[in-house]
Amino acid sequence: KGGGKPGDALVLTKPLGVGVITTALKGGVADPAHVAEAVASMKHLNRDGAHAIGQVGVHACTDVTGFSLLGHAYEMAQKGGVRLRFDFGKLPFVDGAVQYADDNLFPGGSCRNEEAYEQYVDMSSSLSKEMQLLLFTPETSGGLLAAVSPDKVDALLALFAETEHSCWVVGEVMEGGGIEVVA
């Protein structure tokens with residue numbers, strides 16, 4: 001988890017937002033199409049992604065689960081003595097997640113994660129409180145977050161394309177400490 005180096009790209013292998021979709025489902029307001037996409041994401045194993053990451057070789061990697069994207073990212077940053085910068089506009093979300101977040105349909109774990117990690121996160125002031133909280137929302141069967149050397153990013157993206165498994169470049173590793181989210 002702690003091997004990220006300044007200049008590395010941050011790659012995410014599954015969209016975020018499953019937690020708000022399942023909360024909307026529990027509240028009886030979720031669109032069935034949104035639920036189906038969230039279930040498909042949860043059922044998609046990280047095996048292919050981990051295999052591709054292993055083939056290319058990355059500096060650091062973690063799964064994104066109950067402590068949210070930002071909680072798990074902080075663990076990577078802290079262990080590596082680096083700063084992780086996420087570009088909010090590049091983060092993928094399951095369809096409906098942003099809508100339900102705007103409706104304030106968050107699981108209780110979102111607030112607990114925010115309380116635990118917000119002191120380590122410099123969040124863009126242009127993001128609404130709901131979009132900020134979405135990044136602290138627990139994920140069930142979330143994807144992998146990897147710090148990849150810039151010269152290996154294209155090879156990793158190509159391997160993911162071959163397996164028809166999605167991945168997104170969502171940020172970068174920098175010198176410093178903690179987390180930064182830019183809009």
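Asparagine 113 touches Gly66, Phe67, Ser68, Glu118, Phe136, Thr137 and Pro138, leaving out residues up to four places away in sequence; contact means heavy atoms within 4.5 Å. Asparagine 113 lies in helix H6 (residues 108-117), where helices (H or I, at least four residues) and strands (E, at least two) are DSSP runs numbered from the N terminus. With a relative accessible area of 6%, asparagine 113 is buried; buried means under 20% relative accessible area, exposed over 50%, and partly exposed in between (1.4 Å probe, protein chains only).

This is a predicted model, in which local features need pLDDT of at least 70 and side-chain atom pairs count only at pLDDT 80 or more, while totals for chains, interfaces and linings use all residues. Residues are numbered from 1 along each chain as its sequence is written, and side-chain values use heavy atoms, with hydrogens and water left out.

**The sheet**

- Seven strands form an open sheet with mixed pairing, in the order S2-S5-S1-S6-S3-S7-S4; two strands pair if DSSP finds at least two bridges between them.
- Strand S2 (60-63) and strand S4 (121-123) are at the edges and have a single partner strand each, so one side of each is left without a neighbour in the sheet.
- Neighbouring strands of this sheet are turned by 20° against each other on average, direction ignored.
- Strands of a sheet pair through backbone hydrogen bonds, either parallel or antiparallel.
- Strand S3 (residues 82-87) and strand S6 (residues 168-175) run antiparallel and are joined by five bridges.
- Leucine 84 stands opposite valine 173 in S6.

**The nonpolar cores**

- The largest nonpolar core has 44 residues, and those with the most contacts inside it are Leu84, Phe86, Leu135, Leu145, Ile179 and Val181; such a core is a set of buried Ala, Val, Leu, Ile, Met, Phe, Trp, Tyr and Cys residues joined through side-chain atoms within 4.5 Å.
- Helix H4 (residues 68-80) supplies the largest share of this core, six residues.
- A second, separate core of 13 residues includes Ala9, Val11, Leu144 and Cys167.
- Beyond residues up to four places away in sequence, leucine 84 touches several residues, among them Leu10, Ala73, Met76, Ala77 and Ile179.

**Helices H3 and H8**

- The axes of helix H3 (residues 47-56) and helix H8 (residues 153-162) come within 9 Å and cross at roughly 145°; axes are lines fitted to C-alpha atoms, for helices over the stretch in contact, and angles run from 0 to 180 degrees between N-to-C directions.
- On the H3 side the contact is made by Gly49, Ala52, Ile53, Gln55 and Val56, and on the H8 side by Ala155, Leu156, Leu159 and Phe160.
- The residues of this contact divide into seven nonpolar, two polar and no charged; Ala, Val, Leu, Ile, Met, Phe, Trp, Tyr, Cys and Pro count as nonpolar, Asp, Glu, Lys and Arg as charged, and the others, Gly among them, as polar.

**Two further buried residues**

- Alanine 30 is found in the loop between helix H1 (18-26) and helix H2 (32-43), and it counts as buried at 19% relative accessibility.
- Leaving aside neighbours within four places in sequence, alanine 30 is in contact with Ile21, Ala24, Leu25, Val35 and Tyr100.
- Alanine 30 and tyrosine 100 are 70 residues apart in sequence and 8.3 Å apart in space, C-alpha to C-alpha.
- Glycine 4 is found in the segment before strand S1 (9-12) and is buried, with a relative accessible area of 11%.
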